[in-house]
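Hi everyone, thanks for coming.

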Amino acid sequence: MALLHRPGRPAPTSRPRRLARTAAALAATLALLPPLVAAGVTSAQEVPAADVDVHVNTQAALGRLSDTARGVNAAVWDSHMNDPEVAALMKTADVGAMRYPGGSYADIYHWETHTAPGGYVAPGTGFDAFMGTVRATGAQPILIANYGSGTPEEAAGWVRYANVTKNYGAKYWEIGNEIYGNGHYGSGWEHDDHADKSPREYARQVRAYAAAMKAVDPTVKIGAVLTAPGNWPDGITGEGDPGDWNHTVLSQVTDVIDFVTVHWYAGGSDTSADTAMSRLTRLPGELREVRAQIDRYAGADSPRIGIALTEVNTNTGGAQLTARPNGLFAADAFMTALENGVFNVDWWNTHNGPGAITTVDGETDYGDMGMLASGSCTGDVCQPAPNTPFHPYYGMKMTSELGTSGDTMVAAASSTQDLSAHAVHRRDGRLSVLLINKNPDTARTVDLAYAGFSPSAAAPEVSRYARGDSDITDVTDGGASASRVTVPPYGMLTVTLTPKSGTGPGASAAGTPGTPRLEAVTDTTARLSWAGTTGAARYLVQERDGAHTYLVGETTGTSVTLRNLPPGSTHTVNVLAADAAGRLATPSDPLTFTTGTPADAACTVGYHRDTSWGNGFVATVSVRNLSDTPITGWTVDWDWPTDGQSVSSGWNATFHQSGRHVRVTAPENAGPLAPDGASTASFGFVGANDGPNPDPTVFRLNGTVCSGG
C-alpha cells in the first residue's frame with residue numbers, strides 16, 4: 001500500500017493490484033587516468049570531451065551493505081509467487097529479503113488457516129511454500145504480523161511455528177502494514193478491527209505484540225509502522241491525540257522495538273518515472289528526519305533501532321511502471337535509501353498484475369507494479385510469459401553488480417542532476433561505481449576522479465544495461481583503463497576497478513574503528529568516542545561535505561572533543577585508523593549529529609508547529625529579550641533545514657525568504673522588547689513543505705544566537 005493517500009481516496013478493492021501502495025580531502029590523490037573502452041564507450045581517440053564530473057571518496061563511508069539490503073514483496077494472492085523461476089531470478093540478483101504476506105493483505109491474513117476474509121488467496125502460497133522460495137533464494141523472510149484483524153497471541157503462535165517448530169529462523173517481524181491508513185485521519189484503506197484506531201492504541205498493541213512474540217523467541221526483531229515525513233498523514237494530529245502518528249508511536253515503543261518501517265512512493269501529479277527520479281532528491285531528507293525522530297525518543301539507544309523501507313516504487317498507479325525509466329528509478333532508489341541509513345529496501349512487488357497500457361520509450365508499458373510479468377492481460381493486450389523480468393528487476397540486479405553484504409558504500413557526487421553516481425568499496429579492495437544516465441536522448445561522457453583510492457593499470461570490469469540489452473551485459477575490453485566512460489541514454493554502467501598494489505585499506509596494518517558515538521554535545525562542542533581497533537597508531541576524525549572530507553580531529557586515544565562548531569549545525573563524521581606508517585584503514589560507519597543552542601544566550605525563541613497537513617503547516621514563534629537593555633526594531637532570522645520548506649503568508653510581522661533563509665521584521669509601530677524577558681513578541685505564519693518538514697535548529701535576534709527553538 002502506498003503512502004501518498006489523501007482523504008477521500010477510495011478504499012482498495014479485493015483486486016490484488018489495487019493493494020500495492022531516503023575543505024580539502026585528507027590524504028587524497030585525484031587519479032585522472034586514460035579513457036575507458038567498452039561497448040557504449042568508444043576508443044581512446046574517439047572519446048568525446050567529458051560533460052560530467054564524478055568524484056568518489058572512499059574515505060567517506062556511508063555504511064555497510066547488509067545481507068537484507070535488496071528485497072522484494074510477495075503476496076498470497078499471487079499464484080506465481082513460488083514458481084521455481086522466481087527463486088532463481090532473485091538469487092541471481094542477490095535478493096536478501098522477501099516480505100510476506102503482501103501489503104494490506106497482512107491485516108486480513110491468518111497464517112494458520114491461510115485465509116484472508118474479504119480477499120483472494122491463491123493456491124500454493126501458504127507460509128511453508130513461501131519459505132521454500134525464501135530458502136531457495138538464500139534470503140531471509142520479513143513477516144508482517146496481522147494487526148488489523150489479529151491478536152498478539154496469533155502473532156506469537158506464528159513465531160512459535162516458524163522458529164521453534166520449523167526452525168526457519170525468521171528474524172524480522174512487522175506489526176501490521178500501513179495502520180495509519182485505518183481511517184483515523186479520514187482516509188481508510190487498511191483493515192483495522194480495533195475500536196480505538198489512534199496511534200496511542202497502535203503503540204499499546206505494539207508493546208503487547210512484542211511481549212508475546214519475544215516470550216516465544218527473544219531473538220526476533222520487532223518493527224513498528226511509521227509514515228514517511230512529508231507524506232500524508234505526517235504532521236496531522238487526530239482528535240484526542242497528543243501528537244501526529246510518528247511522534248505518538250515513537251514516544252511509547254522505542255524500548256521494545258528493533259526497527260521501524262516506512263513506505264515511499266515518489267508520487268506527484270505527474271505519474272511518470274522520469275518525474276519520480278527527480279523526486280528521489282527528497283528521500284535522503286525524509287530518512288534523516290525518521291532518524292531524528294528515533295533519536296529524540298530513543299536517545300543513546302537510537303543506533304540499535306534500524307530503518308527498513310519495506311515498500312518502494314514510483315507510484316501506486318499510472319504509467320511507466322514496467323518501462324525502462326522505472327528500471328533506472330529502481331537502481332537509484334535502492335542505493336539512495338541504503339546510503340541514507342536503511343538496512344533493507346523492498347520493491348513493491350514481485351508480481352502485481354497489469355493496469356493501463358501505454359507506450360514508453362518505444363516499448364509497451366503494462367502499468368504493472370511488479371518486477372516480473374504475471375502473464376495477465378488488459379483487454380486484448382497481454383504481458384509476456386509469467387516471470388519474464390521487467391526493467392525494474394534489472395535495475396535492482398544492477399545494484400548487485402555494485403556490491404554485496406559487508407561491502408562499504410562510499411560517497412560519490414555527480415556534477416549534473418541527470419546522471420546519478422553511487423559507489424561501493426568492496427571488502428577485497430576493489431571499487432565499484434554505478435552511473436545512471438536519466439537523460440533519454442543524450443549520452444553522458446563522465447570524468448571519474450578518486451580520493452583515497454588509487455586504481456591499478458588493470459582494465460576495469462564494466463557491466464551495462466541500456467537500450468538493446470536483454471540483461472546486464474559484460475562490456476569490458478581487455479585494453480581499457482579507468483578515468484573516462486560514456487553512459488548511453490537511459491542507460492546504466494557499473495565500473496569495477498582494482499587498487500594499485502600496496503595502496504588502500506588492505507595495505508594498512510590497522511583495522512576498522514567502531515562507529516563513533518555522541519557522548520555529549522553543546523552549542524559549540526561535541527564529544528565523540530568509538531571502539532578502537534588493532535594496529536592503530538592514531539585515529540583521524542573526518543567530516544564529510546558531499547563527496548569531500550576534511551580533518552576535524554586527531555588522537556591516539558578513542559575519544560575526541562570537536563570545538564568551535566557553529567550553533568545548530570549538523571555534521572557527519574567518520575573515524576579512520578592509521579597504522580604506524582600512516583596508511584589508512586577502511587573508515588567507520590558514519591555518525592550524524594546536530595549542535596544545540598547556547599544555554600546562557602541573551603534571547604530565547606520558541607518555535608511551535610500548531611498544525612500540519614502533510615505538505616503545509618501553521619507555526620507560531622515567540623521571542624524574548626533576556627539582555628539588560630530594551631530592543632527596538634527587532635529582526636529574527638533562521639534557515640530552513642531542507643529546500644522544500646517556505647513561508648507562504650504570515651501575521652504580526654513582515655516576512656522575507658531568500659533560498660532557505662528567512663528574515664522576519666517587527667511590524668511598524670511595534671513596541672520595544674523589554675529587558676530581562678519582561679515582554680514577548682509573537683508572530684505566526686502559514687508554511688509549505690515539499691518533502692520533510694524538520695524544525696529550524698537556530699534562531700537569531702538582531703544577529704545574536706538565541707537559546708530554545
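**Helix pairs and a sheet**

Helices α5 and α7 cross in a right-handed way, where right-handed means that the near helix is turned clockwise from the far one by less than a right angle. Before going on, please note that this is a predicted model, where local features need pLDDT of at least 70, side-chain atom pairs count only at pLDDT 80 or more, and totals for chains, interfaces and linings use all residues. Residues are numbered from 1 along each chain as its sequence is written, and side-chain values use heavy atoms, leaving out hydrogens and water.

Helices here are DSSP runs of H or I with at least four residues, strands are runs of E with at least two, and both are numbered from the N terminus. The axes of α5 (residues 245-253) and α7 (residues 283-298) come within 9 Å and cross at roughly 35°. Axes are lines fitted to C-alpha atoms, for helices over the stretch in contact, with angles from 0 to 180 degrees between N-to-C directions.

Which residues of α5 make the contact? They are Asn246, His247, Leu250 and Ser251, meeting Gln293, Ile294, Arg296 and Tyr297 of α7; contact means heavy atoms within 4.5 Å.

Two strands pair if DSSP finds at least two bridges between them. Strands β30 and β35 run antiparallel, joined by nine bridges.
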